[in-house]
Amino acid sequence: MRLRRAAAADQAALRAMMSTSDGYAEGPPRAMIVAYAAAWTVRETPDEEIWLLEDARGIAGFWQTLPHPEDGIELDLFFTANDRRGEGVGRRLFASLAERVRELGFSCLRIVSNPPAAGFYGAMGCVEVGTCPPLPGLPWERPIFSLPLETGTTSATN
């Protein structure tokens, strides 16, 4: 598997991965992610990073970070292809995310999680620090996690 920065040419494949994700199975969550994916674009800016993991079978997953005014950096998107679950793709992607955040000089990463993904983030060494209240278009609470990175290791890399 190869990790690389996403490019504009990857946009259609990444949108499709988001809009068909099993993590947003039905109802309001499905409608929200489908609408979000349709408008989302790959931006190649210094403040926003999108990295993907691919192999001969195609794109296995990706993540995107954004600046956060209080915490410095936040995970905005984290997706694995539905047909790649159980292959260690999420763990490998998360390890690359933690390493990149360290490289950028941050000591922690903020994550506002989709509720079904909360168990994954906990398994990766993230600590739940609160909840984000419902918002227009997101009518459910979402757990907020923090990944402390000052030790230089996470459970994803151990």
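This is a predicted model: local features need pLDDT of at least 70, side-chain atom pairs count only at pLDDT 80 or more; totals for chains, interfaces and linings use all residues.
1. **Aromatic pairs.** The model holds 11 aromatic pairs. One of them joins Trp-51 and Trp-63, and this pair is stacked. The ring centres lie 6.3 Å apart, with 25° between the planes. Trp-51 sits in strand β2 (residues 49–55) and Trp-63 in strand β3 (residues 58–68), so the pair ties together parts that are 12 residues apart in sequence. Trp-51 has 16% relative accessibility and counts as buried, because the cut-off for buried is under 20%. Trp-63 is buried as well, at 0%.

2. **A tilted pair.** Phe-94 and Tyr-121 have ring centres 6.1 Å apart and planes at 55°, so this pair is tilted. An edge-to-face label would need an angle over 60 degrees. Phe-94 belongs to helix α3 (residues 89–103) and Tyr-121 to helix α4 (residues 118–123). The two are 27 residues apart, and their pair links distant parts of the chain. Both Phe-94 and Tyr-121 are buried.

3. **The ring cluster.** Which residues do ring pairs link into a cluster? They are Phe-78, Phe-94, Phe-120, Tyr-121 and Phe-145. Phe-78, Phe-94 and Tyr-121 also come up in the core described next, among the residues with the most contacts inside it.

4. **The largest nonpolar core.** This core has 22 residues. Those with the most contacts inside it are Leu-75, Phe-78, Phe-94, Leu-97, Leu-109, Ile-111 and Tyr-121. Strands β2, β3, β4 (72–80), β5 (108–112) and β7 (142–148) each give two or more residues to this core, as do helices α3 and α4. Helix α3 gives the most, with 6 residues. In soluble globular proteins, nonpolar side chains tend to be buried together.

5. **A second core.** A separate core of 19 residues is also present. Among its members are Met-17, Met-18, Ile-59 and Ala-81. Two of these, Met-17 and Ala-81, return in point 9 as contacts of Gly-61.

6. **The largest pocket.** How much space lies in the largest pocket? The volume is about 810 Å³. The pocket is lined by 35 residues. Tyr-24, Phe-78, Phe-79, Asn-114 and Tyr-121 lie nearest its centre. Helices α2 (27–39), α3 and α4 and strands β4 and β5 each give two or more residues to the lining. Strand β4 gives the most, with 7 residues. The lining divides into 19 nonpolar, 8 polar and 8 charged residues.

7. **Ser-113.** Ser-113 lies in the loop between β5 and α4. Is this residue buried or exposed? Ser-113 is buried, with a relative accessible area of 1%. Leaving aside neighbours within four places in sequence, Ser-113 is in contact with Ala-118, Tyr-121, Arg-142, Pro-143 and Phe-145.

8. **Phe-145.** Phe-145 is in strand β7. Its relative accessible area is 4%, and it is buried. Beyond four places in sequence, Phe-145 touches residues including Leu-109, Ile-111, Ser-113, Tyr-121, Cys-126 and Val-129. Arg-110 is also on its contact list. The C-alpha atoms of Phe-145 and Arg-110 are separated by 5.9 Å, although the two residues are 35 apart along the chain.

9. **Gly-61.** Gly-61 is found in strand β3. At 0% relative accessibility, Gly-61 counts as buried. Not counting residues up to four places away in sequence, Gly-61 touches Met-17, Trp-51, Leu-52, Leu-53, Phe-79, Thr-80, Ala-81, Val-89 and Leu-93. The C-alpha atoms of Gly-61 and Pro-136 are 28 Å apart, and the residues are 75 apart along the chain.

10. **Met-1.** Met-1 is found in the segment before β1 (2–5). At 38% relative accessibility, Met-1 counts as partly exposed. Leaving aside neighbours within four places in sequence, Met-1 is in contact with Leu-53, Glu-54, Asp-55, Ala-60, Arg-84, Val-89 and Arg-92. The C-alpha atoms of Met-1 and Ile-111, 110 residues apart along the chain, are separated by 25 Å.

Conventions: Residues are numbered from 1 along each chain as its sequence is written. Side-chain values use heavy atoms; hydrogens and water are left out. Rings of Phe, Tyr and Trp (its six-membered ring) pair if their centres lie within 6.5 Å; planes under 30 degrees apart count as stacked, over 60 as edge-to-face and the rest as tilted. Helices (H or I, at least four residues) and strands (E, at least two) are DSSP runs, numbered from the N terminus. Buried means under 20% relative accessible area, exposed over 50%, partly exposed in between (1.4 Å probe, protein chains only). Contact means heavy atoms within 4.5 Å. A nonpolar core is a set of buried Ala, Val, Leu, Ile, Met, Phe, Trp, Tyr and Cys residues joined through side-chain atoms within 4.5 Å. On a 1 Å grid over the protein atoms alone, a cavity is a set of points where a 1.4 Å probe fits but cannot get out, and a pocket is an open set with protein on both sides within 12 Å along at least five of seven lines; lining residues have an atom within 4 Å of a point. Grid points are joined across faces, edges and corners, and a volume is the space filled by probe spheres set on the points. Ala, Val, Leu, Ile, Met, Phe, Trp, Tyr, Cys and Pro count as nonpolar, Asp, Glu, Lys and Arg as charged, and the others, Gly among them, as polar.
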